[in-house]
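Hello,

I am passing a structure on to you, and my notes on it follow below. Please have a look at it first and then read on.

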Amino acid sequence: MDVFLARQPILNKYNKLFGYELLFRDSEKNSFQGEDGDKATIDVIKNSFINIGIDKVTGGKKAFINFTKNILQSDIFMVLSPETVVIEILEDVDPTEEIVDLCKKLKKLGYLIALDDFVYSSKYKNLLEITDIIKVDFKITTGYDRREVIEHVNLPHIKFIAEKVETLEEFNEAVSYGYSYFQGYYFSRPLIVTGKRISENKIIYMKLLQEINSGSFNIEIIEDLIKRDVSLSFKLLKLINSANYVFRSEIKSIRQALSLLGEKEIKMWLYLIVFKTLGEDKPENIIIESLTRAKFAELIAQKVIGGPVSFNAYLIGMLSMVDRLMDIPLDEILHQLLLPIEVKDALNGVKNNSYTKLLHLIVKYEEGQWDEVSKISKQLNLDEKFLPNAYCEAILYANEQMPV
């Protein structure tokens with residue numbers, strides 16, 4: 001699939017290129033009509049750094065990327081280079097104490113901080129002390145406002161960008177006021193940059209599956225693989241700082257997040273994210289059914305005393321449809337994964353162990369073959385009255401996971 005983004009040059013008064021503002025686009029139509037700023041930023045980062053390549057996009061110049069409040073709080077910058085990226089804070093981000101503290105941390109890491117569509121207010125006092133660049137929109141300001149903002153700020157370390165400059169007169173005006181950089185249609189409209197959505201992500205995900213089932217569970221290798229995928233890093237940091245986990249302070253790094261989650265939790269989370277990503281170009285019902293089977297199997301295993309281990313049961317349910325997700329024969333996929341032998345046997349239908357019975361029970365329940373359900377339930381010493389509620393819980397679980 002093709003991927004898109006736009007870049008608009010930012011120049012100095014001698015027409016020398018300083019950097020590019022990178023803008024979200026989802027087609028060759030050169031405009032953005034969406035309202036989800038978080039998703040737009042994530043897509044810009046993914047397309048710039050993964051699908052197209054940041055060197056191709058900016059040629060080594062600075063990349064100005066819009067940051068919403070949520071993106072600032074997500075720590076996604078941990079996977080971006082301060083030598084490459086200028087963090088452009090959108091005008092609707094209120095300069096609270098929390099935001100100022102976040103920006104101070106960014107400054108210590110070496111990032112340049114820019115304020116977009118800036119309108120002077122005393123509330124920005126603390127943030128201005130650590131700001132490097134201010135962008136002023138020439139389309140919504142008059143000559144007096146354009147000059148006054150520089151006078152109000154009056155800080156020598158801050159450079160000003162005149163944004164949306166459309167005429168030679170506006171450019172000359174901005175130069176006379178003391179603006180250092182310029183951006184707008186007078187110089188260049190945003191230009192579309194295209195690329196192909198590469199399959200590297202799926203290779204990373206397959207390597208992650210291999211690693212979490214390798215037996216050694218090397219957290220350094222897992223960390224490295226996660227950091228190679230921007231969206232995966234973002235999702236992990238968002239998850240660990242969510243209401244599902246209560247820690248005394250925010251988690252700031254991939255390594256810290258992995259250490260706090262623990263091996264079992266990491267494995268379950270990675271399986272969930274990997275399978276949903278592998279299935280992006282497949283009918284959604286395959287993912288939902290896989291997640292339903294996984295949770296249903298886990299709940300049954302927890303109920304059967306001395307039976308299947310719940311985590312292995314979860315894997316069996318999730319992996320039971322993996323061949324349909326990847327369009328690869330099941331035996332080839334299983335050959336690449338170092339799974340417990342009883343899990344592989346159940347998926348291959350080789351041995352009549354408790355995991356095989358568990359998988360058969362789930363399939364027969366889905367098909368409504370109640371005589372078989374009763375027969376297998378007895379073999380597992382399971383009260384089949386437990387199944388309807390467990391199945392409903394599994395469906396709810398699967399549906400809840402889909403927005404992640």
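What share of the contacts in the protein with a separation of 6 or more comes from residues 24 or more positions apart? Those residues account for 64% of them, where a contact means heavy atoms within 4.5 Å.

A word on the basis of these notes: this is a predicted model, in which local features need pLDDT of at least 70 and side-chain atom pairs count only at pLDDT 80 or more, while totals for chains, interfaces and linings use all residues. Residues are numbered from 1 along each chain as its sequence is written, and side-chain values use heavy atoms, with hydrogens and water left out.

Now the overall picture. The protein has 20 helices and nine strands (DSSP runs numbered from the N terminus: helices are H or I with at least four residues, strands are E with at least two). Of its 404 residues, 52% are buried (buried means under 20% relative accessible area, exposed over 50%, partly exposed in between, with a 1.4 Å probe and protein chains only).

On to the salt bridges, each a side-chain nitrogen of Lys or Arg within 4 Å of a carboxyl oxygen of Asp or Glu. The count comes to 14. One of them joins Lys-135 to Glu-21, with the closest N and O atoms 2.8 Å apart. This pair links distant parts of the chain, since Lys-135 is in strand S6 (residues 133–137) and Glu-21 in strand S2 (residues 17–24), 114 residues apart. Lys-135 is buried, at a relative accessible area of 0%, and Glu-21 is buried too, at 4%.

Lys-139 and Glu-166 also meet in a salt bridge, at 4.0 Å from N to O. Here Lys-139 is exposed, at 58% relative accessibility, and Glu-166 is partly exposed, at 37%.

Another salt bridge, at 3.9 Å from N to O, brings together Glu-367 and Lys-364. Both lie in helix H18 (residues 354–367), three residues apart, or about one turn of the helix. An α-helix has 3.6 residues a turn, so residues three or four places apart point the same way.

Finally, the rings. There are 15 aromatic pairs in the whole structure (rings of Phe, Tyr and Trp, the last by its six-membered ring, pair if their centres lie within 6.5 Å; planes under 30 degrees apart count as stacked, over 60 as edge-to-face and the rest as tilted). Phe-171, Phe-182, Tyr-186 and Phe-187 are linked into a cluster by ring pairs.

Best wishes
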